[in-house]
Amino acid sequence: MYCRKCGAKMSDTARFCDSCGEEVKKVRQRSDTQKYEERKIEDAKQSKSKKSKHEKALEELKELERRNRPIRRELLKALEEF
Ligand SMILES: [Zn+2]
């Protein structure tokens with residue numbers, strides 16, 4: 001890898017730059033892991049939103065069932081009266 005301050009080439013395990021003494025911070029790796037974590041978080045958010053959408057749909061269906069039940073009973077009653 002290269003020093004981010006002076007651009008000198010150095011070993012991957014070096015903690016300080018040999019030419020300028022700049023402390024080596026693994027910016028690339030850190031950003032990669034951050035990106036990976038961000039992706040994971042985004043995926044989790046998306047899956048959560050999908051879940052919530054699915055749950056909302058289920059709730060809507062349940063509500064429709066609740067609303068339809070009395071109607072069905074009324075229909076059954078009407079049919080029985082016939
Ligand atoms: Zn340097």
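What percentage of the 82 residues of the protein chain count as buried? Please then take Lys 5 in detail: where is Lys 5 found, and with which residues is Lys 5 in contact, leaving aside its neighbours within four places in sequence?

Modeller: The model is a predicted one, and 0% of the 82 residues in its protein chain count as buried. The chain contains one helix and zero strands. Its radius of gyration is 31 Å, well over the 12 Å that the globule rule gives for 82 residues, so the chain is more spread out than a compact globule. Along the principal axes, the C-alpha trace spans about 100 × 15 × 15 Å. Among contacts with a separation of 6 or more, residues 24 or more positions apart account for 0%.

Turning to the requested part, Lys 5 lies in the segment before helix 1, which covers 27–81. Lys 5 counts as partly exposed because it has 13 C-beta neighbours inside 10 Å, where a residue with 12 or fewer would be exposed. Once neighbours within four places in sequence are left aside, the contacts of Lys 5 are with Cys 17, Cys 20 and Glu 22. Ser 49, by contrast, is 44 residues from Lys 5 in sequence, and their C-alpha atoms are 43 Å apart in space.

From Ala 14, Glu 60 is separated by 46 residues in sequence and by 60 Å in space, C-alpha to C-alpha.

Terms used
Residues are numbered from 1 along each chain as its sequence is written. This is a predicted model: local features need pLDDT of at least 70, side-chain atom pairs count only at pLDDT 80 or more; totals for chains, interfaces and linings use all residues. Helices (H or I, at least four residues) and strands (E, at least two) are DSSP runs, numbered from the N terminus. A residue is buried if 20 or more other C-beta atoms lie within 10 Å of its own, exposed if 12 or fewer, and partly exposed in between; C-beta atoms are placed from the backbone. Two residues are in contact if their C-beta atoms, placed from the backbone, lie within 7 Å. The radius of gyration is taken over C-alpha atoms; the globule rule is 2.2 Å times the number of residues to the power 0.38.
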